[in-house]
Amino acid sequence: MHPSHPSASDADAALLDLLTGPTPPTCKTFLPRRDAALDPLLIAAAAASGPHVTRNHYTHDFFPGVMLPQAEGSWDWTKFSGQDASTNSKPKRMAYVSRQAPRSKRLGLNIPDDGKENTAPLSPSENLPSPSKTRPTDSDSEGKSRSRTTTVVPESIKVNPGPLEVKCMARTRIPTPHGPIFLHLYHNSKDNKEHMAIVVDPAQFDGPPNPDSPPHIRSKSLDAVWSENETEMDRITRGAYVGRLSPTSKQASKPSEAHAHSTGMSDQIPSPLIRIHSECFTGETVGSMRCDCGEQLDEAIRLISQPITVPPQTPLEQPKTIPGRGAIVYMRQEGRGIGLLSKIRAYNLQDLGHDTVTANLMLGHQADERGYEIAVAILRDLGLGSKDELGEGVRVLTNNPDKVQALENEGLRVVERVPMIPRSWKTRNPHLAVSDPVAQADQKGEKVVGATLIGGNAVYGEDLDKYLRTKVLRMGHMLPLWLEDPEQ
Ligand SMILES: Nc1nc2c(ncn2[C@@H]2O[C@H](COP(=O)(O)OP(=O)(O)OP(=O)(O)O)[C@@H](O)[C@H]2O)c(=O)[nH]1
């Protein structure tokens with residue numbers, strides 16, 4: 001008898017089976033699912049970013065904060081109803097963050113084992129978020145107390161509390177209107193910026209130093225052999241070569257020869273001229289006439305490149321001329337360390353009538369937030385300004401007495417401060433212009449090749465004058481403030 005039709009006969013049951021099909025199997029007959037349950041992380045990632053996003057991307061936080069309502073791309077604009085996404089009152093969804101240490105840390109890179117040279121580029125050991133300082137009250141220079149809370153994110157974020165190390169990652173020759181320079185790119189273990197050294201030392205093109213010439217200005221970390229697997233071509237490609245490269249160059253530098261110390265002429269030649277220059281996108285790239293940074297960089301390369309006259313040692317000898325030598329350490333400390341964003345805001349405050357120092361303070365910054373530890377370490381790597389007997393003392397191109405003090409505090413041997421008179425002041429002052437070929441050319445309206453990076457000649461205007469006067473009057477820069485009236 002058919003179980004579902006207890007009252008029907010067997011013939012009826014057979015007919016019914018024929019018409020309705022066999023009884024479907026019960027759930028018990030199904031095999032259990034073998035595939036993984038749907039992964040909520042994967043679904044969330046795909047929903048946020050599209051099907052190309054895998055669980056790996058998501059776990060490792062390729063899109064930090066993408067799930068937060070205010071994050072770019074996280075708002076569904078199809079639901080836009082005139083309300084600002086950032087004011088969405090819905091509870092925030094969770095943002096997942098990788099708990100896995102960076103690869104370099106997991107593999108133990110940057111940790112020298114059995115004394116072997118580390119081949120990996122220096123990188124900050126941890127990618128910590130920038131610390132933020134909160135100042136509940138701040139007063140500007142005019143003594144007005146403000147109660148608003150200002151959050152300050154320092155531009156140069158210190159990410160590694162360990163000892164400072166600098167490493168020159170690459171060096172190359174750059175021709176400039178003032179002559180060739182060697183551009184060195186540095187990594188360091190303190191911040192994540194690529195600071196640079198512009199080395200002027202064209203004598204290096206003639207090959208290894210001879211006993212009669214001053215020592216070449218070369219990076220010790222660049223000339224070091226980084227690993228036994230490094231080929232000559234690897235080393236040449238990163239700039240560890242002596243002389244000038246040509247299509248037939250095959251020989252990388254030998255650390256012992258490249259850093260040979262000569263004693264012959266060292267006593268008679270002046271110490272190398274150096275400058276620590278702070279990045280200024282507006283002044284150097286856009287040609288801003290709000291500051292003198294562009295012309296200072298250009299002027300520093302020009303001054304360091306001037307040939308040096310070496311006095312004769314005996315009455316029978318003639319004075320000798322050798323190529324100029326020195327270096328500019330180009331620090332990525334935009335806006336005296338406050339960063340470009342804050343500097344742009346500071347400019348607007350300046351247009352509202354405040355000077356550069358007050359504008360910084362109003363934004364919750366200090367007047368100057370720069371540090372010089374990395375710059376001095378770079379100079380030391382170049383063999384300049386260290387206090388040991390092989391290092392050369394330096395002459396520093398600056399008007400800023402605080403900078404000289406800070407450099408000395410970091411252990412730099414400064415033998416002289418060399419002032420930098422703004423070109424526009426020289427051009428307009430007949431007494432100063434008399435001894436300066438660039439100023440003379442400017443006065444005659446002649447174009448001086450390479451006189452400035454952008455404008456070609458000295459530039460001036462109300463903004464620049466205000467900026468220069470503030471440096472002298474409020475920051476103690478050592479310049480004679482002769483220009484009371486520009487028309488005089
Ligand atoms: N915060 C701020 N920074 C500025 C302003 N104008 C230029 N800078 C920055 O100032 C730095 C250069 O500093 P300066 O004070 O001009 O000169 P210095 O380096 O202290 O001294 P010198 O060695 O004599 O040039 C660069 O990083 C510029 O970006 C400004 O109005 N506000």
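1. Helix H10 has 12 residues, which at 1.5 Å a residue should span 16 Å; its end C-alpha atoms lie 17 Å apart, so the two values agree. The expected span is 1.5 Å times one less than the number of residues. Helices (H or I, at least four residues) and strands (E, at least two) are DSSP runs, numbered from the N terminus.

2. The model is predicted: local features need pLDDT of at least 70 and side-chain atom pairs count only at pLDDT 80 or more, while totals for chains, interfaces and linings use all residues. Residues are numbered from 1 along each chain as its sequence is written.

3. Ser-342, Lys-343 and Ala-346 of H10 are buried (20 or more other C-beta atoms within 10 Å of a residue's own; exposed means 12 or fewer, partly exposed in between; C-beta atoms are placed from the backbone). They cover an arc of only 100° around the axis, which puts them on the same side of H10; the arc is taken from the directions from the helix axis to the C-beta atoms. The face turned away from that buried side carries the exposed Ile-344, Asn-348 and Asp-351.

4. Just after H10, Gly-353 has a positive phi of about 115°.

5. Strand S7 (residues 195-200) has 5 of its 6 residues buried. S7 pairs in the antiparallel sense with S6 (residues 179-188) over 5 bridges, and with S11 (residues 326-331) over 5 bridges. Pairing requires at least two DSSP bridges between two strands. Phe-182 has Val-199 as its bridge partner, and Ala-197 has Val-329.
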